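Work through the exercises below with the sequence and the coordinates open. Each task is followed by a solution in steps.

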Amino acid sequence: MNRSIQTLLAFGAFPFSVWAQITFGGGVQLEFRSYRSDSLIGAFDVRERMGLNAYAPLSLRLGPLTLTLRYEAYLPPLQGYDPRYRGTGIPFRSLEYRAGDIELTLGSFYEQFGSGMVLRTYEERLLGIDNSLDGVRLRWNAPGVRLTGFLARQRRFFDWDGLIRGADLELTPTRWVPSAPFQWQLGASVVSKYQPDTDPLYRLPENVLAYAIRSRWQWREWQLNAEWAYKYNDPSALNSYSYNPGTGLYVSLSGAVAAASFLLQAKRIDNMAFYSDRTASGTIAALNYVPPLSKQHTYRLATLYPYATQLGGEIGAAAELTLPLPEGSLVGGSGGGTLTLNYCRIHGLDTVHTEPLRYRSPFPGIGKELFLEEFSAEYTTFWTTELKATLMLVRQVYNRDVSEGLRGYGLVWDWIAVADVAYTFAPRQTLRAELQHLWAHQDRGNWLFALLEYSVSPTWAVSLWDEFNYGNPKRESRFHYPGAALTVTLQRLKLTLGYGRQRAGIVCVGGVCRYTPAAHGMSVSLTATL
């Protein structure tokens, strides 16, 4: 073939070869809700009868380069979300380059150092959290060494604010000794924030430094994690402008004895709220995250009294034991099962105020005020190949004033029982029933929850439920909260249509919480992926 013709064909084929190397990804998520006035449950008339949260992430990869964008729209935000999210825009845009041991990110990114006590940025749409960073991040990965550094601002709704600097070094010495009988990891983190001092009353530090050291040891099934964090004085609205430094200690031990596995945790937190804006509160502008000790429940009534991690100060311990139940036994059924026991107790710190803006809290400093005590036993088994069951019993002592920032409510003592039974009576067809009950003499008294769900896997499912506060001390407040939902799944598209009442309450994920008001109306959830 003529050389000139070969050259022309090569140049003509070049765009197609590049196009063939491009990888696309993304999707769309829509969360819609309508609002009707229902004064009985506290769902009062609102000016805007509808709310919409929409998310559309898109990623494009070409060789070592990855471009990521996420469009968001809040028209207006769903009730319970911060109203300052209102509007549309592209708050997340990132260009990432990876080659060999080097990773370079320009634009938006999420980052976590260790357990997160000095830095964790992440997205949790259920809570309205997106505290991403926007700037430059460089990471070097080598055998046994991981080094990260960044300089960035933090997301604030559809803008970015503050100045955040951070670095993290993680060493795995046993990677250099392949014959080592155990795994050993060391880490150190440092994070600094800058914010000008414009306060007319206090002299506030403009640069606040936090650092942490951590270690992880693993031998066979045994693993020990420990992390200690320190934050220099950071007066803010959350700590009443205290000039005390902040400290954090988190230790966990997990392992197995015979067939049983266990997890032990202990934590002490003192003044560790770390925000890029000293006037912020809640989940906005949060820089760090403290691992929760309490069990993260998913059943409806077990989430009625969710514990929120107290960054101002708490000390506690938790233990979890998981026992396998053998197949063919009386308790294990034909398919075997598990029994999980969990206990957690958390107290406030014992503090003594020495000056108007300072206090003393000696270690360990276990205070008399109980924040949470919880015991749970969860039993799951396949009694037959068609019948699966989960039974759970929970005992709680919950400090409502502390977790919900209230006054005068005090402690709530309650028991919660759950029975979740699913029967597959035909190929891909399952009928599931839930029955939950909560006993309490305080607050709103006893609750009952019942759910019935029929599904044809993996195409569709229909659910009916009712939540009834039949034991409320105020007879006029003994309300039903009924609802129904239809879920349809077609390949990469999932659509859920629902209608009903929603009680006011606290929604928590991982010890981080937000308040959701009572609502009555229709909901639509649509998720599609490329």
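Two strands are said to pair if DSSP finds at least two bridges between them. The model is predicted.

**Exercise 1. Pairing around strand S23**

Task: State how strand S22 (residues 411-426) and strand S23 (residues 429-440) pair, and over how many bridges. Then follow S23 to strand S24 (residues 447-456).

Solution. 
Step 1. S22 and S23 have 12 bridges between them, and the pairing is antiparallel.
Step 2. Gln436 stands opposite Phe449 in S24.
Step 3. The hairpin of S23 and S24 has six residues between the strands, and Asp443 in its turn has a positive phi of about 55°.

**Exercise 2. Pairing around strand S14**

Solution. 
Step 1. Asn225 stands opposite Ser252 in S14.
Step 2. Two residues lie between the strands in the hairpin of S14 and S15, where Ala258 takes a positive phi near 60°.
Step 3. Past S15, the loop between S15 and strand S16 (313-325) contains Thr279. Thr279 is exposed because its relative accessible area is 53%, over the 50% cut-off.
Step 4. The C-alpha atoms of Thr279 and Leu238 are 7.7 Å apart, although 41 residues separate the two along the chain.

**Exercise 3. Salt bridges and burial**

Task: Which residues form salt bridges with Arg84, Arg98 and Arg137?

Solution. 
Step 1. Side chains of opposite charge can pair when their charged atoms come close.
Step 2. Arg84 meets Asp82 in a salt bridge, with 2.9 Å from N to O. Arg84 has a relative accessible area of 53%, so Arg84 is exposed.
Step 3. Arg98 forms a salt bridge with Glu96, and their closest N and O atoms are 2.9 Å apart. At 47%, Arg98 is partly exposed. Glu96 has a relative accessible area of 16% and is therefore buried, the cut-off being under 20%.
Step 4. Arg137 forms a salt bridge with Glu111, at 3.0 Å between the closest N and O atoms. This pair links distant parts of the chain: Arg137 is in strand S8, and Glu111 is in the loop between strand S5 (102-109) and strand S6 (123-124), 26 residues apart. Both Arg137 and Glu111 are buried.
Step 5. A network of salt bridges links Arg70, Glu72, Glu123, Arg125, Asp130 and Arg155. The structure holds 34 salt bridges.

**Exercise 4. A nonpolar patch**

Task: Which residues make the nonpolar surface patch of about 470 Å²?

Solution. 
Step 1. The patch is made by Leu65, Leu67, Leu95, Tyr97, Leu106 and Val136.
Step 2. Strand S3 (65-74) and strand S4 (87-99) are the elements that give two or more residues to the patch.
Step 3. Val136 lies in strand S8 (residues 133-142). Val136 counts as partly exposed because its relative accessibility is 41%.
Step 4. In a regular strand the side chains alternate between the two faces of the sheet.

**Exercise 5. The chain as a whole**

Task: Does the radius of gyration of the protein chain agree or disagree with that of a compact globule?

Solution. 
Step 1. A compact globule of 530 residues would have a radius of gyration near 24 Å; the protein chain has 26 Å, so the two agree.
Step 2. The C-alpha trace spans about 90 × 70 × 60 Å along its principal axes.
Step 3. The secondary structure comes to two helices and 30 strands.
Step 4. Of the 530 residues, 44% count as buried. The accessible surface is about 27000 Å², and 62% of this belongs to carbon and sulfur atoms.
Step 5. Among contacts with a separation of 6 or more, 55% are between residues 24 or more positions apart.

Conventions. Residues numbered from 1 in each chain as written. Predicted model: local features only at pLDDT ≥ 70, side-chain atom pairs only at ≥ 80, totals over all residues. Heavy atoms only, no water. Patch = residues over 30% accessible without salt bridge, like charges linked within 9 Å, V, L, I, M, F, W, Y side chains within 5 Å. Areas by Shrake-Rupley, 256 points an atom, 1.4 Å probe, with all protein chains shown as cover. Salt bridge = Lys/Arg side-chain N within 4 Å of Asp/Glu carboxyl O. Helix = DSSP H or I, 4+ residues; strand = E, 2+ residues; numbered from the N terminus. Buried < 20%, exposed > 50% of the residue type's maximum accessible area, 1.4 Å probe, protein only. Rg over C-alpha atoms; globule rule 2.2 N^0.38 Å. Contact = heavy atoms within 4.5 Å.
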